[in-house]
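Grab your viewer and follow along.

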Amino acid sequence: MGKHDVSGIASPNWLTTRAEALFDWVKQRVDPAVNWSRANSLWPMPFGTACCAIEFMAAAASRFDFARFGMERQAFSPRQADVLICAGRLPFKLAPVIRRIYDQMPQPKWVISMGACASTGGVFDNYAMVQGIDTVVPVDVYVPGCPPRPEGLLYGVLLLHKKIKGESLVTAGLRDEQPLDDRGLRLPPATIDEISEPFGNSLHQFRSA
Amino acid sequence: MSTRTVTYALGTTGVAPDGTPVRVPLGAPPDAEPDLGGEHLLLNIGPQHPATHGVLRLVVELDGETVVRCIPHVGYLHSGFEKLGEYRFYNQIIPLTDRNDYLAPMSNNVGVALAVEKLMGIGITPRCTVLRVIACEMSRIISHLVWVGTTGIDLGAFTPFLWAFQQRERIYDLQEMWTGARLTTSLTRVGGLMADIPEGFTAGLREFIQTFPRTLAELDRVLTRNAIWVGRTQGVGVMTAAEATNWSLSGPMLRASGVPFDVRKDQPYLGYETYDFEVPVGEHGDVYDRYLVRLEEMHQSTRILAQALDRLPDGPINVDDPRVILPSKSRAMSDMEAMIFHFKQVMEGVTAPVGEAYLGIEGPKGELGYYFVSDGSAKPVRWRIRPPAFLNLAALPKMAEGHLLSDLIAINASVDIVMGEVDR
Amino acid sequence: MNPSVAALRATFGSAIGRAMELCGDTIVYVDRAHLVDVLRWLRDTPGQAYDYLVDVTAVEYRDRERPLEVVYFLRALARVADLRVKVELDPAGELAVDSVASLWAGANWLEREVYDMFGVTFRGHPDLRRILMWETYAEGYPLRKDFPLRGRFSRAEQVRQALNANPEAHYSLEELSLADVQAELPPDMVDRLRRGERGTVPHSE
């Protein structure tokens, strides 16, 4: 029997016990059905920008075919999509666009960051590239690769299925919108700088001559 | 066998009788009904849109359905390639080029290697030459297959997309067999290639050459005399030969307008003058002609591939210059001199002489040029990519103004843009 | 050496600087003041007929002493002859050159890109705006040598500026009309527009 923080009421009484039982019922009966249906009908919002978009298209075509995983309809309108798949590098000029597309998607929504550039900036550690879309939108699954093979993307989708199946309707705040703060940032600046730091210890890549 | 003639009345051609495009002026047309007013609608297409072929933003001013004005906004995929190139050794630039025109990565690799070899004055071996021709023509085929598939989708034909991508998978298998990667191949090195073709590559490519024309015939049967396809593409987006030259178009866009310029024929590289192939040249400069040109180019590429396979000589793929080509690992680990060469190349890079070189190749989108300026160090002072898709796209407003909105989609598709190259 | 060089010297004399052949290509330096005349002559003279503009770009050298060069790649399609014309600019001085967009339509976007990446102004260009970066991009001109690879601002600041850039502000009817008449606007208004001030579209009756 799971314990839930039922509205912060200190001492258990008849009401909290009933609420707990209700939560448990939701977790055991409703959640599996809801999560199963959500996971198996993830309509992707293909935010395809570069090379990964071509592998995404290959994953959608007949050889790899992610329609068999429920992603039959590629919803090019964010209003009708479940998962935003950022396939490709995200330059700074495109950052407000992906944020707006993400904000336009109704809950429940998830984000798959496909490829090295979407996850960390990839080979493009320069003035023009966002060093990972997680500085702009919250990401659920990262699929590494440059580009990831279609099988890699499918594996990422299956990981997302697993994540969805572990979710619960009663988790407070899980499906809340997380808008940008008043500075216009999703994360504190120090965090953004930290996760955008160059990887490795080769200084050669920043020396011009 | 019965024949049937279909007479199809085409909609607006967007072209006035004297050949200039019709441009509807701002404000109400003089004969507009008063209550229908002259307000134009501003429509924003993109940058996230299935029909823009990448992150392209088109701001379209519409008078009803007619495009009065079309302003493309590019730069949504600007990745700083040229800046990055100034911080990379010449061989390190080659993997960057895969990400440039990602529909035809091997032709980018070949282009940049040829430009650097021109700058450094390095010749390549005969086997490398023929293998690079094979790489370029394979890239042309996969690029045109994406084009025909996605243009089909834009105009409403979904199935050819699946056929085209199935054939692409076969080329992808060959690319993966050769380089280890489906898309980001990084095939070439300065002075040679990353690896020789493996066992089974020739047989696989021969099988592809034998069976691929069947797919081309299917595409032809489904599209070329299809009333909807013809109706939506003939007379749409016309560029005359003089306009195409002045707008610096290249590739199938230029040739469909009747200008018979193909870098492979006119400024040959990699021994293209010794191959027997034709260059299709259009007449009308509309979307339909561009389709015919690209379809025929795929046929011709198959021809070139067959000839290249027949003449593939034995021998090394890399030039025998230890200052430019890394020694084999076994030698580098056992022979002192080889180890020193390896060290110098990896730590200091291969230096180029002071000077500059420009080399254009006939990429699938057009003339893909690479301009390198060197100050004698191992990293270029300037790396410029001459982007065919960028220049072809610049002519979009010229082609689209006066046409209908749905024609704009067809014209945009016919330009065959790849935003990685447009924006670099 | 491309024979056009000798013909240029014969026609323009001292406006033509040094010429050389590098890696098989002919390069000729031209005086900035005569650039448009030279290029127009190259395009229109029968026998020269450089009707195809291959590319326009700029080169800044690591050596601070060397000038910044604006490079024009010309081709005579019928003869298949290439010529590279260069103009030298003082990197510390006024980076301005006359536009050739009226000669070759392809130069329009190419010159916009050189402006965006190097800050070279093209006088007479019909619509000189940034093309690859967003119009209110504040970090500078990326391909200049004093511009660091990773940009001038911190990553957090770059993200913040990017998210607040609002590229969709750039399609009011007013602005589309303005692009056509930008040359006639008073300079302070052009400046304010460049810095991102957006007017309100008057309500149309």
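**Exercise 1.** How many residue pairs are in polar contact across the interface of chain C and chain B, and which elements of chain C give two or more residues to that side?

*Solution.* Start with the pairs: the rule finds 29 in polar contact, both residues at pLDDT 80 or more. A polar contact is a pair of N or O atoms within 3.5 Å; within protein, one must be able to donate a hydrogen and the other to accept it, and residues adjacent in sequence count only if both atoms are side-chain atoms.

Next, the elements on the chain C side: strands S2 (25–30), S3 (52–59), S4 (68–76) and S5 (81–89), plus helices H3 (107–118) and H5 (173–181). Helices (H or I, at least four residues) and strands (E, at least two) are DSSP runs, numbered from the N terminus. S3(C) brings the largest share, eight residues.

This is a predicted model, so to speak of local features takes pLDDT of at least 70, side-chain atom pairs count only at pLDDT 80 or more, and totals for chains, interfaces and linings use all residues. Side-chain values use heavy atoms, with hydrogens and water left out; residues are numbered from 1 along each chain as its sequence is written, and chains are lettered from A in the order in which they are written.

**Exercise 2.** How many salt bridges are there between chain C and chain A?

*Solution.* Look for a side-chain nitrogen of Lys or Arg within 4 Å of a carboxyl oxygen of Asp or Glu. The count is two. Asp125(A) and Arg155(C) make one such bridge, at 3.0 Å, N to O. Helix H4 (155–163) of chain C gives the most to that side, with seven residues.
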